[in-house]
Amino acid sequence: GVNEPLLEWAQQNESSLPHRELARPAREILEVYFVRQLWERLPSFDQIDTRKDDFLHPDEIREAYKQVFFGGVTDLDLSQTLAVNEMVAHLIRCLDKAGDNRVSREEYSVLLKTGKPGLTWRCL
């Protein structure tokens, strides 16, 4: 439910509230934080890029993710496989400015340098 006392206070103190356009949804802030944490726990770009083509492809990220978060277990059950695939797709979506379903070295470095994905971030 809705927090009635808080809503009542807000109605009585509208001049104390920041303008609605200045507010940022918590989900976006938290998602940036957690996506960066996941990428930082994965091996380096060069370690993930087993093809050595300066792109991180879904299968490369998937293997790195399984290595870190599942101890390298290769025979995951169906629910684990679905969870890994969904997380890898999400990690790629968050950094893939080009929309080519892979992460370039440049897209990856923006996250690590600035602490957040590039300006065209579209995880949500």
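What percentage of the 124 residues of the protein chain count as buried? The share is 30%, where buried means under 20% relative accessible area, exposed means over 50%, and partly exposed lies in between (1.4 Å probe, protein chains only).

This is a predicted model, in which local features need pLDDT of at least 70 and side-chain atom pairs count only at pLDDT 80 or more, while totals for chains, interfaces and linings use all residues. Residues are numbered from 1 along each chain as its sequence is written, and side-chain values use heavy atoms, with hydrogens and water left out.

**Overall form**

The secondary structure of the protein chain consists of six helices and two strands; helices (H or I, at least four residues) and strands (E, at least two) are DSSP runs, numbered from the N terminus. Along the sequence, these elements follow the pattern α-α-α-β-α-α-β-α. The protein chain has a radius of gyration of 19 Å, well over the 14 Å given by the globule rule for 124 residues, so it is more spread out than a compact globule. Here the radius is taken over C-alpha atoms, and the rule is 2.2 Å times the number of residues to the power 0.38. Along the principal axes, the C-alpha atoms fill a box of roughly 60 × 35 × 20 Å.

Contact means heavy atoms within 4.5 Å. Among contacts between residues at least 6 apart in sequence, 51% join residues at least 24 apart.

**The nonpolar core**

A nonpolar core is a set of buried Ala, Val, Leu, Ile, Met, Phe, Trp, Tyr and Cys residues joined through side-chain atoms within 4.5 Å. The largest such core has 20 residues, of which Trp-39, Leu-42, Ile-48, Leu-56, Ile-61, Leu-91 and Val-103 touch the most other members. Helices α2, α3 (45–48), α4 (58–69), α5 (78–95) and α6 (105–114) each supply at least two residues of this core. The largest share, six residues, comes from α5. Leu-42 touches residues including Ile-48, Ile-61, Tyr-65 and Leu-91, when residues up to four places away in sequence are not counted.

**A buried glutamate**

Glu-31 belongs to helix α2 (residues 26–41). At 10% relative accessibility, Glu-31 counts as buried. Its side chain is joined to that of His-90 by a polar contact of 2.5 Å. A polar contact is a pair of N or O atoms within 3.5 Å; within protein, one must be able to donate a hydrogen and the other to accept it, and residues adjacent in sequence count only if both atoms are side-chain atoms.

**Salt bridges**

The whole structure contains six salt bridges, each being a side-chain nitrogen of Lys or Arg within 4 Å of a carboxyl oxygen of Asp or Glu. The table lists some of them.

| Pair | Closest N and O atoms |
|---|---|
| Glu-40 and Arg-36 | 2.8 Å |
| Asp-46 and Arg-105 | 2.6 Å |
| Arg-105 and Asp-54 | 2.9 Å |

Glu-40 and Arg-36 are four residues apart in helix α2, and are therefore separated by about one helical turn. Glu-40 is partly exposed, with a relative accessible area of 40%, and Arg-36 is also partly exposed, at 23%.

Asp-46 forms a salt bridge with Arg-105. This pair links distant parts of the chain, with Asp-46 in helix α3 and Arg-105 in helix α6, 59 residues apart. Arg-105 also forms a salt bridge with Asp-54. Asp-54 lies in the loop between α3 and β1 (55–56), so its pairing with Arg-105 ties together parts that are 51 residues apart in sequence. Through shared partners, salt bridges join Asp-46, Asp-54 and Arg-105 into one network.
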